[in-house]
Amino acid sequence: EEQERALHTLLSILVSQRTEIKSSCGRKELSDGVLLHKMLADINKDLTEGQHFLERSHKKERTKNPKKKVVDTEVVVKTNDNPNLGILEKKFLFLNREQFEIWEGPYRQVFGGAPGCGKTILLQFKALECARKGEKVQIFVPDPLMNLYKNFFCGQQNVYVHKLRDLGQIIIDHDSHCFVDEFQLVAIYVDTDPGGKQERSLKKNLESKGKDRYFWIACNDVQFFPCAQIPGFESQLWGWFSEKLKELETMAEFYCPTEMKTVVRYTREIHDFVQEYLSKAGISRPEGATALSSIKLGHQICGPPVKVLNFKGNFIAENCATLIKEEIEGWPNYNDVAVLVSSAFSQKELFVNLLFSGIPVCKVGSDENAVVIDSVDRIHSYQWPFVIVVSNSNPEYSVQNYTMFTRAVAKLVVIYYS
């Protein structure tokens, strides 16, 4: 049984990766003559075969003993079986122990965790499970996530995806399951004046208690963009947010599980780079919250080292576009790449220069086969195989940089300008 559990854990780790990267036990060192995208394509084949093995294994186990539960895993089947979707979106969802606690938890939960720990995935698949039963599902997400969620639930007639701002306007009926992503941003979109109409509607919705109906809320107290760019507003928002969390737990009877701190999004190299950055940046968190330094990686999958380019001169969009073009040369799919820009520089200039250099570009949420170029305040819950960060190394940009670094899955390049 221990061997079976270990095997399932290993396979779950491999399948849960949306991009194709080499594990440490069979690691291939990259040389100048081996293109990264060729290695990724080879490992994609391995993961696809692993996916088929898991599917056959699951069916075989269910046939032999329908009552037996697969060891330490939970399976969610998606009816819209599109072969072009990523592995996670295609067939199975595999959960680690922290995620499993939430998955098996009560109907009313508010949970948080580090970027890449699986908050959005948990919301999506629990909502999908409800929708597949023919039950009504209401989802509230920030504007940049609208397309991500609509694409995920494509073909589900009883799923309604709303903007986060609507949480203070639409009254949720008792027959609906409700899921809210990036709840910490509510105060940006909703007028939270204690006597205001939207605040009253928000309070009524949060206290809504339909029988046997899920109400799950995911949040991340580190990422308060774009309010972090407005002096004094971040602390004001945190004050409102912390009070709202207390209300959810006491008055609205929401369960608050232990904050997730196991990251499964990115490679060992990116994780080590991010943790080293955090130790130097000194990003503070509220009292009682899990220290960012305690975040751990949930696998041993490795990839290329993080590349950091430091420039002491001023930011010149044309020169930066040339560097970016060199970095992404040879990548087969442009939509695997994102160029993320902090508030220090003009993304519009970079957008135009990349376009003129022959690289198709788009904003977050687009379905085009183009390189995403966007600002830090629009990237919540997104991830890309290859991320290029353009920013400043000054401490005032530490939270922005941390957020952008954690969007990368397989490869990360950082370009600093002074």
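**Strand S4.** I began with strand S4 (residues 177-180) in this predicted model, and found both of its faces covered, with His177 and Phe179 buried on one side and Cys178 and Val180 buried on the other. I take buried as under 20% relative accessible area, exposed as over 50% and partly exposed as in between, with a 1.4 Å probe and protein chains only. Strands are DSSP runs of E of at least two residues and helices are runs of H or I of at least four, each numbered from the N terminus. I kept in mind that in a regular strand the side chains alternate between the two faces of the sheet.

I then looked up the neighbours of S4, counting two strands as paired if DSSP finds at least two bridges between them. Strand S2 (residues 137-141) pairs with S4 in the parallel sense over 4 bridges, and Val180 is the bridge partner of Phe140. Strand S5 (residues 215-219) also pairs with S4 in the parallel sense, over 3 bridges, and there Trp216 stands opposite Phe179.

**Helix H13.** Next I turned to helix H13 (residues 398-405), where 8 of the 8 residues are buried, among them Gln400, Asn401 and Thr403. These buried residues pack against helix H10 (268-281) and against strands S9 (337-341), S12 (384-391) and S13 (408-417), where contact means heavy atoms within 4.5 Å.

How do H10 and H13 pack, at what angle and how far apart are their axes? I noted an angle of about 170° and axes 11 Å apart, so H10 is roughly antiparallel to H13. Axes are lines fitted to C-alpha atoms, for helices over the stretch in contact, and angles run from 0 to 180 degrees between N-to-C directions; those under 35 degrees count as roughly parallel, over 145 as roughly antiparallel, 65 to 115 as roughly perpendicular and the rest as oblique. From H10, Ile270, Phe273, Val274, Tyr277, Leu278 and Ala281 meet Ser398, Asn401, Tyr402 and Phe405 of H13.

**Glu249.** Finally I checked Glu249, which lies in helix H9 (residues 233-250) and is partly exposed, with a relative accessible area of 47%. Leaving out residues up to four places away in sequence, I found that Glu249 touches Phe254 and Cys256. Glu249 and Arg108 are 141 residues apart in sequence, yet their C-alpha atoms are 9.6 Å apart in space.

**Conventions.** Residues are numbered from 1 along each chain as its sequence is written, and side-chain values use heavy atoms, with hydrogens and water left out. Local features need pLDDT of at least 70 and side-chain atom pairs count only at pLDDT 80 or more, whereas totals for chains, interfaces and linings use all residues.
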